[in-house]
Amino acid sequence: MKFKEIAFKDPNSSRIYKDYLKRVSHAIHILDKENQQEILLEINSHIYEGTRQNSKDQNEVEHLLDVLEKLGQPEVFLKPMVADRKLKEATKTFNPIKIAKALMLNIGNGISYIIFSLLYLFLFAFVFLIIAKIINPEHIGLFYRANHIFVLGQYNNLQGVSYSEYEKLGDWFIPVILVFIIILYIILTLFLKLNKNLKNKSL
Amino acid sequence: MNNEFINKWISQLKKGTLSFLVLSILKDEKEYYGYDLINEIKKRTAIEIAEGTLYPLMNRLKDENLVVSKWVEQSSGIPRKYYNITASGIDTVVEMTKYWNNINKTINSI
C-alpha cells in the first residue's frame, strides 16, 4: 500500500498537516518500516476522511485543526501501540537491541517488565564473565569441590590458597557459558512473548 | 458533589467500555474503517471519545483475533483500513453483553 499526501488548497493547511505527520513519524520511528508505514497510512486516512467531511463549511485551516485536535497528540495516543508493536517485533526476531528498546518502552507497563529487564541484565553479567576469563584465565572459572567450594566466576586467593585444581571446565569454560547464555536468552525471550500474550488477554 | 471524582470515574468507565462499544458496533458484521467507526460510536452513544485512542485499541483487538483488517484502495489514492469482527469476536461480545446486563441489573436493584 502506497502513502499519498493529502492535497490542501491553503498552504497553511499543508504546513499544519505536514508538521503533524512529522510528529507521527517521530513518535513511531523506533518501529520497523512496515509497522511505521501501516500506522502512518491509517492516521493519514483518518485525517483525509475527517477533512473531506467539512459539514459546517468551516475554513480549511480551522477544520483541519479541529480534526487534528480531536485525534489528539500523536506522542500520547500512539505510545501504547508503539510499545506493544515494538515488543512484538523484538520477541519475533530475538534481536537483543530490539528487546532492550522494547523493555525500555514497556518499563512502566507492569512489574513483570522490570523483572525481565533485571533478568536480561543478569544474562549480560555472563558476557562479562567470558571477557574476564580471557583477561584473567587463572582466576575465572567454575570451581567446585563437594562440601568445600562452589564458585562460578572469580575467586580471590588472598590467603595464598589456590583452587585452580578444582576448576572443572578448563578450556570449555567459554563455550559452555556461551551456550548457557544463548539457551537462557531464548527461554527468557519466549517467556517475554508469553507474558505479552497473557497481558493482552487480561485487557 | 465532587465533580472531579465523577469526571475521573466517567473517564475510567469510558476507557474500560470502549472495547465493548467497538465490538458491539462491529457485531452486526458490517465493516468499518477507523474514522467511520468513531462517527458510529458518536452517533449511537453520544459519547465523546479521544479519537486517537481508537487505533491502539483496534491494534489490541486484532492481536487478540477479535477483529481482522484489510486495506482497500480508494479512488482518492488514500486507502482505508476496514475492520471486521471475527467469530471469536462475536462470541466474546455476546459474553460481554451478558456480563454487562447482569451488572446493570445488580446496580439497578441496589
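Residues are numbered from 1 along each chain as its sequence is written, and chains are lettered from A in the order in which they are written. In this predicted model, local features need pLDDT of at least 70 and side-chain atom pairs count only at pLDDT 80 or more, while totals for chains, interfaces and linings use all residues.

**View 1. The side of chain B that touches chain A.** Here 20 residues of chain B are in contact with 20 residues of chain A (contact: C-beta atoms, placed from the backbone, within 7 Å). Helix 2 (34-45), helix 3 (54-63) and strand 3 (80-85) of chain B each give two or more residues to this side (helices are DSSP runs of H or I with at least four residues, strands runs of E with at least two, numbered from the N terminus). Helix 3 of chain B provides the largest share, five residues. By class, this side of chain B has eight nonpolar, six polar and six charged residues (Ala, Val, Leu, Ile, Met, Phe, Trp, Tyr, Cys and Pro count as nonpolar, Asp, Glu, Lys and Arg as charged, the others, Gly among them, as polar).

**View 2. Helix 2 of chain B packs with helix 3 of chain B.** The angle is about 105 degrees and the axes are 11 Å apart (axes are lines fitted to C-alpha atoms over the stretch in contact; angles run from 0 to 180 degrees between N-to-C directions). The two helices are therefore roughly perpendicular (65 to 115 degrees). B:Gly34, B:Leu37 and B:Ile38 of helix 2 meet B:Leu54, B:Tyr55 and B:Met58 of helix 3. Five of these residues are nonpolar, one is polar and none is charged.

**View 3. The domains of chain A.** Chain A is divided into domain 1 (11-77) and domain 2 (87-202), with bounds from an automatic or database domain assignment. Their centres, taken over C-alpha atoms, are separated by 44 Å.

How values were computed: Two residues are in contact if their C-beta atoms, placed from the backbone, lie within 7 Å. Angles under 35 degrees count as roughly parallel, over 145 as roughly antiparallel, 65 to 115 as roughly perpendicular and the rest as oblique.
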